[in-house]
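Please read this briefing alongside the sequence and the coordinates.

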Amino acid sequence: MPVTTSRSPRPFYPAQLLAVSGRALKQLVRTPSHSRRAEAARKLARHSLWLSAAGAALVIVLMVAFDQTEIQLMPARGTPSLWPIRILTDFGKDEYLLIALGAALVVLAFVAAGLHGTRRTLLLGLGTRLQFMFLSIAVSAFVAEILKYVIGRGRPFVGGKANPFNFMPFEGTGAYASLPSGHAVAAFALAFAVSALWPRLRVFMFTYAIVILLTRLVLVAHHPSDVVAGALIGTVGAMAVRYWFAARRLGFAIRADGTIVPLAGAIPGHLKRVARGASAP
């Protein structure tokens, strides 16, 4: 008699896509499970407090002693020769960064749904890291938008004068949304997130963030204190999101002293070696 073998049919692709997407969302809200999360929380609180205190002091000093002088030294807003700066500054726009990362997550989900085994696992690991970068920017930008609305600081020369103390709280228009700088928030959140995952990129990423910060000053879109406040919010926001991921064992590990470090799988070269090893005979 002929021997017949039966294989269970693979789930339809739409079901696989839903499963991949559902898993990606569920992992973000699952109960924290890392045994060292309390140590990491204390370290986060301590570092956030010191950063916030130092940053707030610097913002006040700049506002009182430097903001007015700096914006008067910059080229007039709308100077035609500044067009390269206007292009460059868009690389720090939170909407553009979130759209790019969101699109990458969507593409990754569609591709991962058609894969199985090690290849899917590796791709989903990359997806977790993209989620971390996306949420680092999104959470920081959300906090920044609330602060912009509450503080209502006028942008440079709004009202016709170089007045760093032009405030209209809860005004809600772009003219009074100077503090903090949204570009600085997004750029520093992204720089911290990428550096947390791939420490070797730290110098490159923070150079990028500083360049974005400087473009906001050259274009007279913000006062110096605005961009410093934005850098602070972006950094602390990304630190908080990193803790959220580490407490759920997503992309990060926590050492005994509470230090959060990237998992080995976050290193691209390591992923390649794992993939080769998994497929070797």
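The notes below are grouped by topic.

This is a predicted model, in which local features need pLDDT of at least 70, side-chain atom pairs count only at pLDDT 80 or more, and totals for chains, interfaces and linings use all residues. Residues are numbered from 1 along each chain as its sequence is written, and side-chain values use heavy atoms, with hydrogens and water left out.

**Annotated spans**
- An unreviewed UniProt entry places "domain: Phosphatidic acid phosphatase type 2/haloperoxidase" at residues 130-242; UniProt positions follow the numbering used here, feature names are shortened, and annotations may be inferred rather than shown by experiment.
- Residues 130-242 are 65% helix and 0% strand, with end C-alpha atoms 12 Å apart (helices are DSSP runs of H or I, at least four residues, and strands are runs of E, at least two, numbered from the N terminus).
- The unreviewed UniProt entry lists several spans as "transmembrane region", including 49-66 and 227-245.
- Residues 49-66 are 94% helix and 0% strand, and their end C-alpha atoms lie 25 Å apart.
- Residues 227-245 are 100% helix and 0% strand, with 27 Å between the end C-alpha atoms.

**Arginine 37**
- Arginine 37 belongs to helix α2 (residues 37-65).
- Its relative accessibility is 33%, so arginine 37 counts as partly exposed (buried is under 20% relative accessible area, exposed over 50%, partly exposed in between, with a 1.4 Å probe and protein chains only).

**Glutamine 27**
- Glutamine 27 sits in helix α1 (residues 13-29).
- Glutamine 27 counts as buried because its relative accessibility is 10%.
- The C-alpha atoms of glutamine 27 and arginine 248 are separated by 7.7 Å, although these residues are 221 residues apart along the chain.
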